[in-house]
Amino acid sequence: MTPQESIERRMAALFILALGLIAWQAPRTRPLQPPAFSSALQPGEQVFPAAVPPDAPLRLPGESAARLAFLKEHAVEGFAPFPTGACQGFVRMSAHHWLRVPVTRGAPAASIGVPSEVAGLLPAGAAPEVEVFCEP
Amino acid sequence: MSWRSRLLLSLGLLVLAAAVTFAVRRVEKLRIRANDVELLPAGAEVLAVDREVRDTFGSDERVILALTNPRREVTDPVFLDDVRFFGAAMGGSPNIRMLLFDRLARARFAPQAVPGEPWLLHPPDGAWIAAALRHTAIRGKLGAGRSRHTAFLEAPAFSGSGVKDIEEEARKASARLEQRRPGEYRLRVIGRQVVLNGLGEALFHDLRLLLPWTLLIIFLLFGWIFRSLWMAALALLQSGLCVLFTMAALQVLGHSISITTAMIPVLLTVLGIADDLHLYSEYLHLRQQHPDTPTFSLVRQGVRKVFFPCTATALTTAIGFASFVPTDVPGLCVFGLIASIGVCFSWLLTMTLVPVLLALIPIRRLPGWTRVPSLSIHPLLLRGAFPVALTILLLPGILRLRIDDGWSQNFRPDHPIVQDVHWFEKESVGVYQFDVLLTREDGRAWTEPALLQSLGAFQREVDGTPGVTASLSLPDLVRDRAWELGDPAAERPPLPADRLAIEGLLRTYRYFNEDVFLRMFLGRDARATRLIFATARDDYGTSTQVRKTLDERLRRAFPPGAVRARIGGSAERGRVLIQSVTSSQAISVLASLVMSWLTLGFASRRWWTSLRCILAIVWALALVLGVAGWAGIPLGVASSCFLALGVGIGLDYGIHLAFGREEDEDEAGAVQRRVMTNVFVVGIGLSVLLLSANPTVARLGLLVVLSMAASGYTAIVTFSGRLLLADRLHRRPAKLAEASRTGFLKEES
């Protein structure tokens with residue numbers, strides 16, 4: 001083998017080695033996945049849609065179970081904990097959403113646990129639209 | 001040709017046809033995706049901060065839909081009605097309907113009872129909105145433009161393709177609004193992802209424009225140099241197949257056309273033909289000397305002659321590209337890997353398909369230069385004072401080099417996306433922001449009045465920094481809500497001194513169905529808060545300056561211990577990625593130089609000659625860096641790539657000159673001619689990048705072309721200046737042919 005042939009063989013060997021390394025590396029260079037969208041909100045903290053409400057105020061269904069389901073779907077959760085056996089009160093905040101609050105069973109309507117921040121905002125003498133549902 | 005050869009050739013062509021069919025199908029499935037995250041080191045702190053910001057405050061990557069009416073202000077009832085109409089039209093798409101935000105016209109607290117509406121929140125009128133824009137921070141900065149003629153709607157930017165869908169829906173809604181109020185509104189869709197999508201499209205557009213030009217130029221140059229359209233077509237076929245197979249590999253490996261990989265086709269097209277050029281020249285030179293020898297024998301001989309230098313150059317070019325693979329920047333890793341695969345494809349085609357087809361090409365008349373295969377360069381340019389003077393003159397330019405880049409600099413200045421981004425910087429908070437994440441480590445809550453005050457004071461200090469255009473923070477939310485619940489004619493009240501009052505105000509965000517706004521600034525346990533600082537521009541200089549100021553102010557306002565301060569956001573990502581890409585270049589260049597030296601030295605056992613090849617390319621790159629410094633060309637994400645490309649491509653010239661098989665000086669003259677032709681063809685081919693509408697790609701093209709010229713020059717000065725003297729011009733063709741024939745016969749024996 002001439003010196004030139006030996007050089008060429010070494011170069012060919014190196015090239016094959018490089019090919020092997022590239023082939024080994026190729027499947028290990030994984031496609032980058034962009035970070036997924038994440039929400040810091042938990043269920044009940046935000047009612048959607050937030051910006052494209054229907055033209056007219058929402059109308060509640062007549063039947064009680066459907067009415068409760070509809071209200072739950074369109075209500076944000078208050079911060080007060082729900083005691084066992086408490087009824088669910090829904091205070092209407094806007095044409096398109098309600099606030100769900102705990103209501104003591106058998107309590108008069110006036111004592112519905114509207115948060116103080118909300119109660120303090122109500123115009124004098126005004127009563128908010130409220131729905132109460134108690135489990136039998 | 002024997003029947004066996006014919007059979008082998010037919011089989012080979014069949015395999016090739018199958019491979020082409022497979023590759024075409026794969027390439028058709030390629031997607032374009034541009035994302036800045038791919039250019040950030042996987043371990044970058046900014047990514048960890050951004051992850052924490054997303055987990056704590058939710059993703060806030062948004063698309064801004066800006067509706068401008070030059071004739072009406074946003075407080076005009078018609079304008080407000082049109083914004084609602086536009087929102088409802090956008091809401092035709094269920095996903096967008098759920099997630100679209102409107103900070104301007106959403107229902108507000110009204111202190112007076114509204115007849116027939118027994119609830120607290122009602123659509124605001126123009127007078128209330130005007131007061132809110134004057135007195136509140138969030139609404140004033142995000143709800144409407146400073147001119148008060150633009151309303152902003154926001155949609156979350158889930159992904160690049162999602163943003164494209166939103167943009168399409170917005171254009172449709174805008175068309176409906178146009179029917180309603182002809183000529184009144186202009187829609188702008190703005191966002192970081194819009195810029196990245198636009199960049200991806202611009203690069204793809206570039207690719208479609210530049211690739212045919214590159215192919216045409218190569219065809220013309222090859223046709224002119226070799227006086228054969230068949231040979232030119234063969235070069236095109238080789239380049240085309242190389243690009244096709246490489247892009248198919250990109251798809252098979254699951255990658256997309258991205259900011260980095262978009263350049264690969266043009267680079268490979270030009271690089272692919274460099275080896276062809278050497279092979280063609282050698283083949284024609286042999287045909288000139290041995291007109292009666294069968295073409296297959298000649299072509300085999302040609303391949304053997306160029307095998308070592310071509311393999312060495314392919315290997316060092318692949319090493320140059322592959323040196324990006326160990327870097328921590330995913331986009332560069334993919335670029336390095338795919339480009340090195342492409343170089344291997346190119347070598348494979350040059351050593352297999354091209355020789356076979358070359359032997360079949362009918363050649364009626366050989367070009368004249370095959371008889372006198374050397375070119376002259378004036379000795380003054382190669383010896384003595386000139387190279388030294390050139391070096392002394394250019395090298396100080398390196399001291400003037402600066403790093404500068406920014407996403408909007410990647411478009412031509414009059415591009416609509418750039419204009420929209422600049423408009424948004426003036427009209428609102430801008431697209432790019434720093435997120436300052438402050439986490440209390442002493443167990444206290446940011447809702448404590450003194451701590452909230454300290455946040456406000458820090459925000460005011462940073463607000464005065466040049467480069468910062470706007471800021472938003474938790475104190476803004478508290479004060480805005482306090483104003484909304486009070487007298488609309490009054491100024492925004494100061495922060496309450498009572499923690500219960502602060503927390504009460506913040507709770508109203510949930511009650512008013514705006515918890516999403518609060519979550520953007522306050523962690524669930526109230527121990528983490530985020531301040532947003534928008535920057536005037538997205539360039540490296542501005543971001544670096546603002547980051548420096550933020551660090552100083554943070555150290556002063558929140559001494560370590562009680563508060564952990566971290567910085568993320570799109571502006572910080574831009575700053576870090578420019579820094580990391582440019583520093584990755586330095587590492588990969590050093591790595592590829594060392595690897596190339598070891599490879600050449602090991603294969604040839606001529607360590608000193610190999611080192612001279614390396615020194616020649618280092619010299620060439622230093623000259624180009626000097627030119628860039630003197631010319632004021634900044635180094636950025638794309639432009640700094642020329643260093644690694646320069647090593648990969650420019651090293652070839654030194655290798656051919658140092659390791660080309662020189663049986664005598666005439667053979668060496670042929671090698672030099674090929675090298676100079678190579679510099680010329682590759683330089684012209686790559687100069688197509690100068691036509692790019694993307695200024696950064698054009699700048700990269702310029703630097704690469706300069707690198708080619710410089711590396712060709714330094715290689716010739718280093719290795720063979722002695723052979724290019726004018727006094728060797730008058731070589732007699734007969735003597736040359738005789739000497740070469742002797743060499744050839746030696747080879748045959």
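Predicted model: local features only at pLDDT ≥ 70, side-chain atom pairs only at ≥ 80, totals over all residues.
How many residues does the contact take from chain A and from chain B? I got 57 from chain A and 71 from chain B, with contact meaning heavy atoms within 4.5 Å.

Residues are numbered from 1 along each chain as its sequence is written, chains are lettered from A in the order in which they are written, and side-chain values use heavy atoms, with hydrogens and water left out.

Next I looked up the area. Chain A and chain B bury about 5,800 Å² between them, 69% of it on carbon and sulfur atoms (accessible area, 1.4 Å probe, lost on putting the two together, summed over both). On the chain A side, M11(A), F15(A) and F37(A) lose the most, together 12% of what that side buries.

Then salt bridges (a side-chain nitrogen of Lys or Arg within 4 Å of a carboxyl oxygen of Asp or Glu). I found 4 across the interface. One of them pairs R510(B) with E45(A), the closest N and O atoms being 3.3 Å apart.

Which element gives the largest share of the chain A side? That is α1(A), with 13 residues; helices here are DSSP runs (H or I) of at least four residues.

Last, I checked a helix pair within chain B. The axes of α8 (192–226) and α9 (229–252) come within 8 Å and cross at roughly 145° (lines fitted to C-alpha atoms over the stretch in contact, angles from 0 to 180 degrees between N-to-C directions). Residues making this contact include F219(B) and F222(B) of α8(B), and L236(B) of α9(B).

Note on methods:
Helix = DSSP H or I, 4+ residues; strand = E, 2+ residues; numbered from the N terminus.
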